[in-house]
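Welcome! Take a moment to turn the model around on your screen, and then let us walk through it together.

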Amino acid sequence: MDLSRRAFLKAGTVGGSIALGLDVSEARAEMRDLKIARTTETRSTCPYCAVSCGVILHTLGDRAKNVTGSVVHVEGDPDHPINRGTLCPKGMAIKEDISHPGRLTAPRVRKPGSDTWEEISWDDAIARIARHVKDTRDRCFVEKNAKGQVVNRNPGMGMIGGCTDTNEFNFLQWKASVAFGVTYRDTQARV
Amino acid sequence: MAVNELEVRRSSASVLGFLGGARKLPTVSKYIDTSTCIGCKACEIACQEWNDLPEVATVQAGSYQTLPDLHAGYWNLIRFNEMEHGDTLVWLMRKDQCMHCEDPGCLEACPAPGAIVQYANGIVDVNPDKCIGCAYCASGCPFNVPKFAEKTGKMQKCTLCVDRSRVGLEPACVKSCPTGCLHFGTKDDMLSLAKGRVAQLKATGFAQAAVYDPPGVGGTAVVTVLAHGDHPEWYGLPKDPQVPLGVKLWKGFLRPLGFLAVLGAVVGAFGHHLYHGNKGHVDPGPRDPDETGTAA
């Protein structure tokens, strides 16, 4: 064993000190690294409700060509006038909305009387919705009200938009629901 | 190793002082206004998310509270307390986490050198490299905060996001709070904020409103405003928290005494050697020829 005189004396002093309880506490201690020190920050809007809080998505890497930037952390945007950095528990959990293995990735249907959700294709889902819209409108359509006035309304349906829908999408959605005679409608157009 | 560290104000299980103290940093502090907490639990999720803690199975015990108690993987818990006050029911929510005491009972009780440290900015933290998982800190804590993690065999608790505060960021829980009942700043600033809020509460019918900053543990780096300040126990807080007497006796008296005893034994032995010198060779004298076995 190659042990210099200096190292031997050092080891002896330290060992002896520990044995005797002559421990001097350390001047410094380690801690966890700031995990977002060099992540890429991207501004976005929380998709959960119509309040539309600003969020910052932290993604891996610095946007270099060879990096796939998956989301590693989400925080409120302190510069956003709505929430000024704060978020509710749902907003705090957006990372899971993006990366959780249990999230929805395909349309699903729960047929009448069934207790399970089945995955269906987008084509089947849209065809099914169109069928139901037509049937419901035919069944529920009200041409005139009790006073005999023409109303052409369809009280059997409602239309609810999502808070992340764009203006253009909301325009189309509004047009379509008016054409169906839907009076119960909300685009959540607050973004 | 020397990349990511912070100067230490105090460290567990040290007898002869410490090497820190070269720099003076203001104590960072968390302000909690229990009267404006709505129990949304954003802080709980922010804590889990920032610290990358695994999901802990929730327990339904008849209230909105996520878990009955803090957990090694759940460092931040809103406690929902229902109390009868006069002829009304009061619903009190309090954010429970490490209080980061000025004189931490956990640090006092810890027998592993350097396993619990108080950084220069007042944050009390467990160093998992040095922690031996004996759970003595749990017995020393008047707020019952440190929890044993089965998976790692170490104690875990809130770090006041020391990784964030070290670079000048607020803790994750404080940042998330939508009602603004949480604030972050220096202890002095948080105390003056709390005093202002108490005056406001007193003027609006809460005559007993008070700041909870218990002197028994030297004050805490978590400044709590209680609308019913005369009943901290309603919020699940001890009325006058103290470091347990056993811990004080052991660390303040028995341990130094033991240290002195060991030192005394060594010095005594050496003194004895100096005074009496080596044990000399004692001449047993000539042997009795009868016992030599040579005579037949």
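This report moves from whole chains to sheets, then to helices and single residues.

**The overall picture**

Please keep in mind that you are looking at a predicted model. Let us start with chain A, which is divided into domain 1 (40-99) and domain 2 (108-186). The centres of these two domains, taken over C-alpha atoms, are separated by 32 Å.

Chain B has 296 residues, and 43% of them are buried. Its secondary structure consists of seven helices and 11 strands. How does the radius of gyration of chain B compare with that of a compact globule of 296 residues? The globule would come out near 19 Å, but chain B has 27 Å. Along the principal axes, the C-alpha atoms of chain B fill a box of roughly 110 × 45 × 40 Å. Among the contacts in chain B with a separation of 6 or more, 63% are between residues 24 or more positions apart.

**A sheet built from both chains**

Strands of a sheet pair through backbone hydrogen bonds, and they can do so in a parallel or an antiparallel way. Keep that in mind for the open sheet of four strands with the order 1(A)-1(B)-5(B)-6(B), where the pairing is antiparallel. Which strands stand at the edges? They are strand 1 (28-30) of chain A and strand 6 (124-126) of chain B; each has a single partner strand, so one side of each is left without a neighbour in the sheet. On average, neighbouring strands in this sheet are turned by 55° against each other, direction ignored.

You can look at the place where the two chains meet in this sheet: strand 1 of chain A pairs with strand 1 (residues 5-11) of chain B over three bridges. Here A29(A) has L6(B) as its bridge partner.

**A sheet within chain A**

Chain A also has an open sheet of three strands, ordered 2-3-4 and paired in the antiparallel sense. Strand 2 (40-45) and strand 4 (71-76) are the edge strands, each pairing on one side only. From one strand to the next, the twist averages 30°. Strand 3 (residues 54-59) of chain A is joined to strand 4 by five bridges, and H58(A) has H73(A) as its bridge partner in strand 4.

**An enclosed strand in chain B**

Is strand 2 of chain B enclosed or open? Six of the six residues of this strand (residues 28-33) are buried, so the rest of the structure largely encloses it. Both of its faces are covered: V28(B), K30(B) and I32(B) are buried on one side, and S29(B), Y31(B) and D33(B) are buried on the other.

Strand 2 of chain B has pairings of both kinds. With strand 9 (residues 182-186) of chain B, the pairing is antiparallel over five bridges. With strand 11 (residues 222-226) of chain B, the strands run parallel and are joined by four bridges. Follow K30(B) to see both: its bridge partner in strand 9 is F184(B), and in strand 11 it stands opposite V222(B).

| Helix | Residues | End-to-end C-alpha distance | Expected at 1.5 Å a residue |
|---|---|---|---|
| Helix 4 of chain A (122-140) | 19 residues | 27 Å | 27 Å |

Just after helix 5 of chain A comes G181(A), with a positive phi of about 80°.

Most residues other than glycine have a negative phi. S52(A) is not a glycine, yet its phi is positive, at about 60°. You will find S52(A) in the loop between strand 2 and strand 3 of chain A, and it counts as partly exposed, with 18 C-beta neighbours inside 10 Å. N144(B), also a residue other than glycine, has a positive phi near 55°. Its place is the loop between helix 3 (136-140) and strand 7 (147-149) of chain B. N144(B) is partly exposed, with 13 other C-beta atoms within 10 Å.

Finally, visit R164(B) in helix 4 (residues 162-165) of chain B. R164(B) is buried, because 21 other C-beta atoms lie within 10 Å. Leaving aside neighbours within four places in sequence, its contacts include L34(A) and L169(B). R164(B) and W50(B) are 114 residues apart in sequence, while their C-alpha atoms are 9.7 Å apart in space.

Note on methods. Residues are numbered from 1 along each chain as its sequence is written. Chains are lettered from A and ligands numbered from 1 in the order in which they are written. This is a predicted model: local features need pLDDT of at least 70, side-chain atom pairs count only at pLDDT 80 or more; totals for chains, interfaces and linings use all residues. Domain bounds come from an automatic or database domain assignment. A residue is buried if 20 or more other C-beta atoms lie within 10 Å of its own, exposed if 12 or fewer, and partly exposed in between; C-beta atoms are placed from the backbone. Two residues are in contact if their C-beta atoms, placed from the backbone, lie within 7 Å. The radius of gyration is taken over C-alpha atoms; the globule rule is 2.2 Å times the number of residues to the power 0.38. Two strands pair if DSSP finds at least two bridges between them. Axes are lines fitted to C-alpha atoms, for helices over the stretch in contact, and angles run from 0 to 180 degrees between N-to-C directions. The expected span of a helix is 1.5 Å times one less than its number of residues.
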